[in-house]
Amino acid sequence: MDVDKAGPGPGSARSRGRLPAQLRTLVCERAVLDRADGSAKWTQEGSSVLAAVYGPRQAKLQKEDAERAVVEVVFKPRAGLQGHEDRSLELEIRGILEGVIPLGMFPRTSVMVVLQVLQDDGGALSCALNAAAAALVDAGVPLNSMFSSVSCVLTSDRRLVLDPDASEEQAAAARFCFTYPHHFDLTQAAPAAAAPATSASADDAAAAAVVGESVLGTRCVGAFSSDELLDAAALCRRGCERVAAFARLSLAKSLQAAGGS
Amino acid sequence: MSQRDADSFISKNEREFILKALGEDVRLDGRRPNDIRKPKFQFSLDDRSATVAQGSTRVMAVVSAALEAPYPDRPSEGPLRFNVEFSPMASPAFEPGKPGEDAIQVARLIERGLRQSGAVDQEALCVVAGRKVWALRVDCHVLDHGGNLLDVSFLAALAALLAFRKPEVEVGGESGSEIIVHPPEVREPVPLTIHHLPVAVTFALFQAGDVLVADPTWKEEAAAAGSCTVVMNPAQEVCCVHKADGIGLSPEQFMRCVRLAGRQAEEVVAGLKKALEGHEVARVQARVRRHQQVPGLPAEGRHVMILGAKDPAGGAAPAPAAASGTAPAAAAKKPTAAADDVDEDADIDDGTDEEEEAEREKAEDAAAAAGTGPAGSSGRGAKAAQAGEDEDENMDDAGAVGKQQGGQKPKAKLAGPLVKPAGGKAGGKAAGTSPGAGSKRGGGATGGLQANKRGKDNVGFDELEAIAAVIAGVPPGGPAPGEPEPSLAAAVKPGKGRKGGGK
């Protein structure tokens, strides 16, 4: 698996010369909506998803659970009505969020996460999960750990390519989307940081994102061997490190801006 | 108080405060009763959606088109359907699931105002009568509820329809048995035919119908006794009226509504047109970038896009005036002898459709002063010469020149050549923005002009591609391996474009 092979050449046809293991440009805007408790708009170049979080708030009688919070996810596609694919994505996202939110802390409440796809150029599920993470932080919902998500595809010549756009997804033999939990190790002093520092200059110690070993959720479509699956998991884990670093940077910046610095 | 009432529940104190303030002609957010919040528009680059934000209300409308069989009783009309969804993210009161009656009412009003008033030409959507027509579907997603969802959804739907481009279609074979849909890279997609621009204005009624409040916020809606909506276009024609529930209106108050709505409609449409113009510039930039990445296209580029119609130097700066300003300054270095060359081409007149006219307008705006664009009169060339002599290239000077050009725009539009001889435009663009290849730029520009002279049909796509590559400062084979693609947007920043090129 030669992920760092330089492109473009006749072998790699990624648009604009993106390397196989290179993510697209990430942009995250927080506190985008007025009425929602928390909101975030996550853009990965051509794909953009707006997430809004309401909660924890009182759950409806039929839906409430006496012992834990209920997570509701609504995934709305860009055009047309919700289809089966959208409902299945809702279920998956709900599964991931239930693993991350400490449900036992809020009995009889509900946390509603609404995701609206604004533009879809590949990797919409990852984009949605990242947006949901940012929106949950914006809403101040406590989380067991942060998480980030990245997609990759297996091209027809059995090479793994990270963060595909729509044309790459269409042409792929298999598509993967992995979500990894991550946290930041603040116990290490800046110069002694063992892992490569991912944020260049920071007032606080340049804490490195430590991505967990276990996957929070995965969605794989297509035919692939088990080795390819493990390679994809490892590749996505590396990608999640970078997404995590970006998410932290963007949060720090928006807090600074909000704090009126 | 359950969540379902979150939008209609308002405390007695708040209600009385709103009414008292209205008694003094003041509203909670400081507006006067007849002031509407100014809408802000945002369009997507894939020509399919528009987002309108009016105060804190945000609605995104998405247009999708599909070739379908028409309804049997209307064989030459394309159906146009509207769907409005109150997304649960917009308000705690909205619940997921099928649209409720409020959403359906908004969708119905939008349909009356945009489809039944004849604003969108449905016959223009016909491809093969009785067999295939374009079926349009507009989905309005309400993202944030800050009041007055009807007006903002209406405006979003209109903006999306104006920004939408449907793929160009060719019908061939006997009895139209073959329909070829051209992708946007091969043939420029076509805008819809829209006859007039209706705008909805909603008034909330207080005090037994005596007090009218335009564009209410959600708190004002909760405190109001009734509402009335008038849909008008800037030509002061009433397209649709909706007065269904709540307190009654006297005829005088109703006429007041209509008059106020007429005035607001003009302002809103002016803002919408301006936003669309700005979007056109960004569209062409994106088109250039897209064509740089698609190498395998056919060599006879006869029907291929109007590359370089919008001078990217024009696109980089926010205001069109400033845009045309940078171009004259940027192109000032170009030898003014070129101006003479192009004046000859001014005789070529083209019967063009709306879109090309609009594009030419832009091109003139942005690249006209260069003298390489369609110079309607040699007076323009003279101005460019002046700008050239002026070594002090500050924006004010250029801005003034630009504004003068703007004034001459209507005349120049008809005399303009260009269009199919896209090489000429690309040449103009090359003059405007080369970030580094000084000598090549000269070559590219004259090459482009010569292509212009050869005649419309001889412009090869490879040539255009080469010109575009030169502009981006990229060697013709594509970016070197490992190098990230030079960003065209970075290359065309006004400062860089001027300083970097042609010394």
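**The interface and its setting**

Author: Chain A exposes about 11,600 Å², and carbon and sulfur atoms supply 53% of that area; accessible areas are computed by the Shrake-Rupley method with a 1.4 Å probe, and for residues only the protein chains shown count as cover. The model is a predicted one, in which local features need pLDDT of at least 70 and side-chain atom pairs count only at pLDDT 80 or more, whereas totals for chains, interfaces and linings use all residues. Residues are numbered from 1 along each chain as its sequence is written, chains are lettered from A and ligands numbered from 1 in the order in which they are written, and side-chain values use heavy atoms, with hydrogens and water left out.

Chain A contains four helices and ten strands, that is, DSSP runs of H or I with at least four residues and of E with at least two, numbered from the N terminus. Read from the N terminus, the order of these elements is β-β-β-β-α-β-α-β-β-α-β-β-β-α. Chain A has 261 residues, of which 51% count as buried; buried means under 20% relative accessible area, exposed over 50%, and partly exposed in between, with a 1.4 Å probe and protein chains only. Among the contacts in chain A with a separation of 6 or more, 71% join residues 24 or more positions apart, a contact being heavy atoms within 4.5 Å.

At the interface, 29 residues of chain A are in contact with 36 residues of chain B. The two chains bury about 2,700 Å² between them, 52% of it on carbon and sulfur atoms; this is the accessible area (1.4 Å probe) that two parts lose on being put together, summed over both.

Four salt bridges cross the interface, each requiring a side-chain nitrogen of Lys or Arg within 4 Å of a carboxyl oxygen of Asp or Glu. One salt bridge links the side chains of B:Glu95 and A:Lys60, at 3.6 Å from N to O.

On the side of chain B that touches chain A, the elements giving two or more residues are β3 (57-68), β4 (80-86) and β6 (132-144) of chain B. Of these, β6(B) gives the most, with five residues. That side of chain B comprises 13 nonpolar, twelve polar and eleven charged residues, where Ala, Val, Leu, Ile, Met, Phe, Trp, Tyr, Cys and Pro count as nonpolar, Asp, Glu, Lys and Arg as charged, and the others, Gly among them, as polar.
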